[in-house]
Amino acid sequence: MTKESKISFLFFAPAGIFMLIFLFFPVMLLIKDSFFQVDMISQDSGTFVGMSNYIESIKSDRFLGATTNTLIYVVVAVSVELLLGLFFAMLLNTGFKGHGFVRTILLSPLMIAPLVSGLIWKFMLNSQFGIVNQLLYDFNITSSRNAIQWLSDDRTALLSTIIADIWLTTPFMMLVLLAGLQGIPVTLYESAKIDGANKIKTFFYITLPSLLPVMVVAILIRTVDAARTFDIVWVLTQGGPANSSEVLSTYMYKTLTRYGEVGESSAMAVLFIILLLLLSSYFLVSMFKANKK
Amino acid sequence: MESLSNTTQEKKSLFQWIRKYNKQFIGFITTILALLFISPYIYIIFTSIKPSSEAISNSPTFFPREFSIENYVSMFDQMPILSYFFNSFITAFISTVLSVFLGALAAYGLARFSSKLGNVFLLITLCIRMIPMISIAIPMYIIINSMGLIDTHAALIITYTSINVPFAIWLMMGFFNNIPKEFDEAARIDGCNIFTSFLKVILPVSLPGLATTSIFCFMLAWNDFLFALLLTSTNAKTATVGISEFLTAYNLDLGPMTAAAVSFSLPVMIFSILVQRYIVSGMTLGSVKG
C-alpha cells in the first residue's frame, strides 16, 4: 500500500466499517435468507430450501399482480410527472417577472413527507367528506356527492395512489429539468433563429435533444423511487381493496410482518433488486450511447 | 430614409410590447397553475383550523367559515404526540450528525488521495444507493431484533445513519472537489497535519456543503415512515407512525389528523423555503451531476 492510499484508507475506514456492518452485511443476509426457510421466533438459521422461495414467489398470482401494479404505477406516475414537470420548467424558464416567487411556491412540496402526501389525498379523496367528489359534483361532472369511491373501488384505488405520487414529486422533476434547461447554451437558440426555425422546431431539434441526458437521469431516479414506494400506498389503501393497489413494497412488508415469511419476502426483495439494477443499467447504457452520438 | 427608420422602429416597439405582454401573460397563467398545484396543502392547513364539525362535513368547502383551534387541542388528547415529535427529532438529529461526520471524513479521504480500494469502495457506495429500502428493511429488522434493540432510539439511529452515509459521501465529494488543493497545501506549510488541516481548514470552508448534506440527511430521517413502522412500537414511536394512527379501521379522526400533519410538515416547509438556495444546489448536484 502506498502512503497515499494508507491515508485515504484512514479517512474512509470509519464509514467503511459502519457500512460493512449495517449495509453490506444486511444485503448478504438478505441473499442468504432468500434460500432458507427462516423461523422468526426461534431465530435459528433455518433450513436450506434452495430456490423454492424464488419459485414460489414467481408462481404466486399475488406476486405477479403486485409486479404488474408496480409497473403501472411507475410508468403512469413517471410519465405524467415528466410531462407536468417539463411544462412547469419551460414556463418558469421564460423568466417572467416574479418567476423566483412562483418557483418557490412550486418547490415547496419537495420537503413534504410521502406519508403526509398520502394523508392529504386520503382526506381529499374520502368518498363521504372529500373535497374532490364535492368539486366534481359542483361542476356537474358527477351526479352525486359520493359517486366515486376513490379508495374503496378496485378500479380507482391504484389511480388514487398514483395521483398522490404525482402531486408529491412533480416539483422534483420540474427542478431537475429547469436546471437542465438553464444549462442549454443561448447560442444554440440564436443560431436556430438565424436559420429560421420556428418555436416547435426549436423545441424538438434543440431543447429536447439537449435536455435528454438530464431527462434520463431524472427518469432513472424517479423510476427507482416510484418502484419502491411504500408510504403513500400504505396510508391510502394498504394495497387494497382486493389487492387492486398492491405494489411490491407493500406486499413484501405484509409477507414479512403479517405472515412472518422471511425467506419468501427476502427472495422477492432480491428479485426486486435485480429488476431495478437491470432497469437502471439499461437507462445508463442508453444514455451513454446517446452521449456518444 | 427617415420615414423608413421610423416604421422599423415602430414595428420594433410593437414587437417588444407584444413580447412584454406575452411574458406577463405567461407569468399570470403560471402563478395561477402553481397556486392550484399547491392547493391540496393549503386545503389541509385550512381544514386544520376549522371546527371539527366543519372539518368533517358532507359538503366540504375550501375556505374555513369559522376559525377554531379545536383540532389542535384534541390532537394532544388523542395520543402523546409531543413525545412522538421528540422521538422523531432526536433520532433524526443524532443520525444526521453521525452520517455527516462519517460521510465528510470518507469523502475527504476519497476526494484528496487516490487509492484503488477507495475506488472500489465508491463504486459499492453508488450501487447501494440503488437498493430499495424495503429490501434492506427485512434483514435490518432481523439484525436489530437479534441485537435486542427493537423499539429503541438506537434502532432508528443506526438505520438512518446507514442509509445516509453513502448519500453523504457522494454529496460531500462534490463539495470537496470544488475546494482547491492549495488550501490543504497552505495549511500543511503552516504546520498542520492532514487531520488538523481537514478539521481547521477544509471543514470550515465547506460549511455550505455540510449544511446541504445535513438538511437532506435530516429530512430523510424525519420523513421516514417504513423503518419507524417496522422497528418501533411504543417507546421510540416517531411522529409519522403516530400521525398515521389517526386513521384506523375503527377510528377516523380526520380533524386532529390534519392538525398533526400540519404541525409535522409546516415548520419544515417554512424552513425549506428559507434555505431553498442550499436545497436547490444540493438537489441538482446530487441528481444531475451525481
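These legends go with several close-up views of a predicted model.

**View 1. Chain A as a whole, from helices to strands.**
Let us begin with the fold of one chain. Chain A contains 12 helices and 2 strands. If you walk along its sequence, the elements come in the order α-β-β-α-α-α-α-α-α-α-α-α-α-α. Of the 293 residues in chain A, 54% are buried. Contacts can also be sorted by how far apart the partners sit in the sequence. Among the contacts in chain A with a separation of 6 or more, 66% are between residues 24 or more positions apart.

**View 2. The surface and charges of chain A.**
Chain A carries 20 positive and 18 negative charges.

**View 3. Where chain A meets chain B.**
How many residues does each chain bring to the contact? Chain A gives 89 residues and chain B gives 92 residues. The size of an interface is often given as the accessible area lost when the parts come together. Between chain A and chain B, the buried area is about 8100 Å², with 83% of it from carbon and sulfur atoms. On the chain A side, the residues that lose the most area to chain B are A:Phe11, A:Met111 and A:Phe123, which together make up 11% of what that side buries. What about salt bridges across this interface? The rule finds 0 of them between chain A and chain B. Over all chains, the count by this rule is 10 salt bridges.

Is A:Asp165 buried or exposed? A:Asp165 counts as buried because its relative accessibility is 4%, and buried means under 20%. A:Arg222 counts as buried as well, at 4% relative accessibility.

**View 4. A network of salt bridges around A:Lys254.**
This view holds three charged residues. A:Arg62, A:Glu246 and A:Lys254 are linked in a network of salt bridges. Within it, A:Lys254 pairs with A:Glu246, and their closest N and O atoms are 3.1 Å apart. A:Lys254 has a relative accessibility of 5%, so this residue counts as buried. A:Glu246 has a relative accessibility of 1%, so this residue counts as buried too.

**View 5. The loop between helix 10 and helix 11 of chain A.**
Two backbone details share this loop. Which two residues are joined by a cis peptide bond? They are A:Gly240 and A:Pro241, with omega at about -15°. A:Pro241 lies between helix 10 (231-236) and helix 11 (248-257). A:Gln238 is found in the loop between helix 10 and helix 11 as well. Although A:Gln238 is not a glycine, its phi is positive, at about 55°. A:Gln238 counts as partly exposed because its relative accessibility is 33%.

B:Asp151 has a positive phi of about 65° and is not a glycine. Its place is the loop between helix 6 (133-146) and helix 7 (153-177) of chain B. The relative accessible area of B:Asp151 is 10%, so the residue is buried.

**View 6. B:Glu185 on helix 8 of chain B.**
Our last stop is a helix in chain B. B:Glu185 belongs to helix 8 (residues 182-189). Its relative accessible area is 44%, so B:Glu185 is partly exposed. B:Ser115 is 70 residues away from B:Glu185 along the chain, and their C-alpha atoms are separated by 19 Å.

How values were computed. Residues are numbered from 1 along each chain as its sequence is written. Chains are lettered from A and ligands numbered from 1 in the order in which they are written. This is a predicted model: local features need pLDDT of at least 70, side-chain atom pairs count only at pLDDT 80 or more; totals for chains, interfaces and linings use all residues. Side-chain values use heavy atoms; hydrogens and water are left out. Helices (H or I, at least four residues) and strands (E, at least two) are DSSP runs, numbered from the N terminus. Buried means under 20% relative accessible area, exposed over 50%, partly exposed in between (1.4 Å probe, protein chains only). Contact means heavy atoms within 4.5 Å. Lys and Arg count as positive and Asp and Glu as negative; His and the chain ends are not counted. The place of a charge is taken as NZ of Lys, CZ of Arg, CG of Asp or CD of Glu. Buried area is the accessible area (1.4 Å probe) that two parts lose on being put together, summed over both. A salt bridge is a side-chain nitrogen of Lys or Arg within 4 Å of a carboxyl oxygen of Asp or Glu.
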